[in-house]
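Take a look at the chain below. We will walk through its sheet, its helices, its core and its charged pairs.

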Amino acid sequence: MAFLQIQFFSAALNVASTVNVILPEANQGIGMGASRDERPPKVLYLLHGYSDDQSIWMRRTSVERYAADHNLAVIMPAVNHSFYCNEVYGEKYWDYVSDELPGTMHRFLRLSSRPEDTYVAGLSMGGYGAMRLALTYPEHFAGAASFSGAVDLASTFYERHRGGETDRVFGDLKELKGTEYDTYYLMEKNAKAARKPWLYVSCGTKDFLFDQHRTFVPALRKNGWDVMSHEEPDAVHEWGFWDAQIKAFIELIFAREADGD
């Protein structure tokens with residue numbers, strides 16, 4: 001795989017932005033696979049969690065090795081503590097990840113522009129970002145994944161533990177229900193979309209977000225979304241679990257393609 005660190009001026013954020021990218025290549029290094037597919041690669045937008053940045057997936061997992069056998073580009077942006085949202089008192093990170101980033105990457109790189117070749121996944125805060133993107137723009141994605149996702153931002157956990165920072169990003173969390181920030185509102189609003197991605201939602205049974213997972217998955221199914229759920233016994237909020245999950249998701253992308261799904 002080729003590794004690129006792309007720095008460009010973001011009009012949405014009005015500041016220089018850094019994105020890490022891994023791209024398939026035809027030559028095989030020691031212990032690595034190689035892609036011989038001449039088509040523009042599929043695209044996976046891979047989102048970080050609350051305490052991390054664009055470098056973390058490369059530092060804490062083997063995502064490069066998992067992608068090496070496939071014609072897959074992985075794009076890893078940074079959004080600070082924004083929850084991938086346009087902050088009430090801050091920056092327009094939703095505009096950045098949902099619109100400016102894909103457009104910029106496609107201008108810079110040779111990537112497939114087909115929705116059926118486009119995926120998004122993330123952990124924790126990034127799991128929320130991935131689900132919000134897929135539920136808001138179902139026609140843009142073939143599949144999406146949340147690993148230990150913070151999928152219910154109006155929960156008492158976030159109100160109790162994030163304090164002033166959630167006020168900066170969202171305003172009053174009590175007012176999120178039924179808005180564009182509410183994943184439950186979005187899954188119902190777009191339940192009858194003509195084209196919807198398949199979803200993969202996973203969490204450890206000892207993760208502090210497991211209760212959110214257990215209510216989120218049935219709600220998706222009730223609203224007609226194609227969702228696969230994985231619950232890892234005794235797993236907590238940590239990188240061993242997320243490393244295994246990004247491997248499983250990448251394998252699932254190409255297994256479903258082989259099966260014609």
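Which strands does α4 lie across? Helix α4 lies across β3, β5, β6 and β7. Against β5 the helix runs at about 150 degrees. Keep in mind that this model is predicted.

Now turn to the sheet itself. It is an open sheet of eight strands, and the pairing is mixed. Read across, the order is β1-β2-β4-β3-β5-β6-β7-β8. The edges belong to β1 (2-10) and β8 (227-232). Each of these two has a single partner strand, so one side of each is left without a neighbour in the sheet. On average, neighbouring strands are turned by 15 degrees against each other, direction ignored.

Zoom in on one pair of strands. β3 covers residues 42-47, and β4 covers residues 72-76. They pair in the parallel sense, over four bridges. For Leu44, the bridge partner in β4 is Val74. Helix α9 (residues 239-258) also packs on the sheet. This helix touches β3, β4, β5, β6, β7 and β8. Its direction makes about 160 degrees with that of β7.

Back to α4. Is α4 mostly covered or mostly open? It is mostly covered, with 11 of its 12 residues buried. Among the buried residues of α4 are Met125, Tyr128, Met131, Leu133 and Leu135. Arg132 is on the buried list too.

Next comes the inside. In soluble globular proteins, nonpolar side chains tend to be buried together. Here the largest nonpolar core has 51 residues. Those with the most contacts inside this core are Ile75, Met105, Leu135, Phe170, Leu199 and Leu220. Helix α4, residues 125-136, gives the largest share of the core, seven residues.

Follow Ile75 for a moment. What does Ile75 touch, not counting residues up to four places away in sequence? Its contacts include Val19, Val21, Val43, Leu44, Leu101, Met105 and Leu111. Asn20 and Tyr45 are among them as well.

Last, the charges. Side chains of opposite charge can pair when their charged atoms come close. This structure holds 10 salt bridges. One of them joins the side chains of Glu87 and Arg168, at 2.5 Å from N to O. The pair links distant parts of the chain, 81 residues apart. Glu87 sits in the loop between β4 and α3, while Arg168 sits in helix α6. Glu87 has 10% relative accessibility, so this residue counts as buried. Arg168 has a relative accessible area of 25%, so this residue is partly exposed.

Asp117, at 7%, counts as buried. Lys42 and Glu257 join Arg114, Glu116 and Asp117 in a network of salt bridges.

Terms used:
Residues are numbered from 1 along each chain as its sequence is written. This is a predicted model: local features need pLDDT of at least 70, side-chain atom pairs count only at pLDDT 80 or more; totals for chains, interfaces and linings use all residues. Side-chain values use heavy atoms; hydrogens and water are left out. A nonpolar core is a set of buried Ala, Val, Leu, Ile, Met, Phe, Trp, Tyr and Cys residues joined through side-chain atoms within 4.5 Å. Buried means under 20% relative accessible area, exposed over 50%, partly exposed in between (1.4 Å probe, protein chains only). Contact means heavy atoms within 4.5 Å. Two strands pair if DSSP finds at least two bridges between them. Axes are lines fitted to C-alpha atoms, for helices over the stretch in contact, and angles run from 0 to 180 degrees between N-to-C directions. A salt bridge is a side-chain nitrogen of Lys or Arg within 4 Å of a carboxyl oxygen of Asp or Glu.
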